[in-house]
Amino acid sequence: MRPSTTFQRWESDGDACGQLTWRGDTGQPTSTGEQAGQVGEAFEACLALEGGGWEGARGTAVLSNPDHAVFVRRLIGVLADQQNASVALLRVDQRVIAAQVLLYCGTTAYTWKIAYDPGYARYSP
């Protein structure tokens, strides 16, 4: 589905959907301390979203395995400290409904993980 059709559907539902906001990623982070903390908080929101969806139900979400959770939290923390990780969040009325984890190598960004609230699947492209 074309993105414009997705947004048209969202707009046609009006106030029933709520206020859509996006904390996006505009490139590699530019500061370490505060940015790394923000990445960590956003990553926790992503993990919670993933755990509440189909991956959590199947037992394949990161939080389904405590050892995996420790490993990826450490990984994202180290990469965020080095300005090589970020997380973009899509919210409705301040509630996170989608997340994208980005990892950087040089000038290239790679999507490592996505998560979404299945209650909003109808708006998916």
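**Exercise 1. Find out which residues threonine 21 touches, and work out whether threonine 21 is buried, partly exposed or exposed.**

Step 1. Skip the residues up to four places away in sequence, and threonine 21 touches Leu89, Leu90 and Arg91. Keep in mind that you're working with a predicted model.

Step 2. Now place the residue: threonine 21 sits in strand S1, which covers residues 20-23.

Step 3. Threonine 21 and glutamine 94 are 73 residues apart along the chain, and their C-alpha atoms are separated by 7.6 Å.

Step 4. Buried means under 20% and exposed means over 50%. Threonine 21 has 27% relative accessibility, so it counts as partly exposed.

**Exercise 2. Work out why glutamate 55 has no salt bridge to lysine 113.**

Step 1. Look in helix H3, residues 54-58, and you'll find glutamate 55 there.

Step 2. List its contacts, leaving out neighbours within four places in sequence: Glu50, Thr60, Ala61, Ser64, Lys113 and Ile114.

Step 3. Glutamate 55 is buried, and lysine 113 is its nearest side chain of opposite charge, 4.3 Å away.

**Exercise 3. Say where in the chain the confidence is lowest and where it is highest.**

Step 1. Start with the whole chain: the average pLDDT is 82, and 76% of the residues score at least 70.

Step 2. Then go to the helices. Confidence is lowest in helix H1 (residues 3-12), with a mean of 58, and highest in helix H4 (residues 66-81), at 96.

Step 3. Check residues 26-32 as well: pLDDT stays under 50 there, and the model has 14 contacts beyond four places in sequence for this stretch.

Terms used:
Residues numbered from 1 in each chain as written. Predicted model: local features only at pLDDT ≥ 70, side-chain atom pairs only at ≥ 80, totals over all residues. Heavy atoms only, no water. pLDDT = per-residue confidence, 0-100. Helix = DSSP H or I, 4+ residues; strand = E, 2+ residues; numbered from the N terminus. Contact = heavy atoms within 4.5 Å. Buried < 20%, exposed > 50% of the residue type's maximum accessible area, 1.4 Å probe, protein only. Lys, Arg positive; Asp, Glu negative; His and termini not counted. Salt bridge = Lys/Arg side-chain N within 4 Å of Asp/Glu carboxyl O.
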